[in-house]
Amino acid sequence: MNDLFQVLSLSDTEGLPIGIAHEATGEISTQISFHPFGWDQEVEISKEEEKHPEQTITQKITSCLVHTVKSWGPYDFTEMKPAERQLRIRDSYFADVFTAYCKLRMEAIGPEMIVFASCPKCKDNITWEIDLGSLDIYQAKSNQVIKKYEMSPPIKIGSNECNWIEAAPVRWEPCYSSPADTFATSDPRFRRNIFADAIRNAEGIETHGALLMTDERLRTLSKRDIERLQKIIDNNSGGPDLRSKIKCPRCGLEFAIISDWSYDHFFGSSSLQNL
Ligand SMILES: [Zn+2]
């Protein structure tokens, strides 16, 4: 990927791939722990779904973690109200939140998960069991995850020709607040949020602590520069590789799919082979 991350399998990772910084002390911790996932957690999660039936996939994942996480990096969730816990999760990196979600699934139900796909070659419908423990996780090598990227040719933002930009890993918040119920980075509403979140600095643009990628500046980007920035953000964000490799039992074709990561599939009986 790049010099920021090393690749480990989910079952080989101990904590979170980047880590949570304490707002007041700055202490960074990658440790997490969960309550045993049982009836009480289910009740809390469904209560929230009743209150907010329009929840997107990312909002439902957040709700699931709000009611199952015991400690989140340096924070003790048992001492916090649900609203406060939700804010801490939204402020964390995408890589950490999604890894926590996968770890919770492994701890609560086990690593085996059924995925459904249609073979692109012979069109057969495939039911395939993946092992979540073997999922690739891009783990940060250090706490310094804001990285400077040289841009050659320079990238044009507004009237500025920028020879470098600085990017941070994407946080969970832009996904949480995106109206698009998808992780598809080609969706412009989702992209707008992640560009604003991840691109922190660019040569010659003084933001005085305010947002660099305002809607006004985003509108000045060329299609080519949008794709260049997207690539940087993808390579700079870490966390789980959401693709699963599967092999068609009928024709033998090996291909990758994006699994169904929704709470209802991930924690539901549809994801289990043997009941
Ligand atoms: Zn096939």
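## Overall fold and interior

In this predicted model, residues 24 or more positions apart account for 69% of the contacts in the chain with a separation of 6 or more. The secondary structure consists of nine helices and 15 strands. A compact globule of 275 residues would have a radius of gyration near 19 Å, and the 20 Å of the chain therefore agrees with that expectation. Along the principal axes, the C-alpha atoms occupy a box of roughly 60 × 55 × 35 Å. Of the 275 residues, 31% are buried.

Helix 2 (residues 57-66) is largely enclosed by the rest of the structure, because nine of its 10 residues are buried. These buried residues are Thr58, Gln59, Lys60, Ile61, Thr62, Ser63, Cys64, Leu65 and Val66. The elements against which they pack are tabulated below.

| Element packed against by the buried residues of helix 2 | Residues |
|---|---|
| Helix 1 | 39-51 |
| Strand 5 | 69-72 |
| Helix 3 | 82-90 |
| Helix 4 | 94-108 |
| Helix 5 | 173-176 |
| Helix 9 | 263-266 |

Leu65, one of the buried residues of helix 2, also belongs to the largest nonpolar core, which has 49 residues. Leu65, Phe94, Val97, Ala100, Tyr101 and Ile199 have the most contacts inside this core. Helix 4 supplies the largest share of the core, with eight residues. Leaving aside neighbours within four places in sequence, Ala100 is in contact with Leu16, Ile32, Leu65 and Val69.

Methods:
Residues are numbered from 1 along each chain as its sequence is written. This is a predicted model: local features need pLDDT of at least 70, side-chain atom pairs count only at pLDDT 80 or more; totals for chains, interfaces and linings use all residues. Helices (H or I, at least four residues) and strands (E, at least two) are DSSP runs, numbered from the N terminus. The radius of gyration is taken over C-alpha atoms; the globule rule is 2.2 Å times the number of residues to the power 0.38. A residue is buried if 20 or more other C-beta atoms lie within 10 Å of its own, exposed if 12 or fewer, and partly exposed in between; C-beta atoms are placed from the backbone. Two residues are in contact if their C-beta atoms, placed from the backbone, lie within 7 Å. A nonpolar core is a set of buried Ala, Val, Leu, Ile, Met, Phe, Trp, Tyr and Cys residues joined through C-beta atoms within 7 Å.
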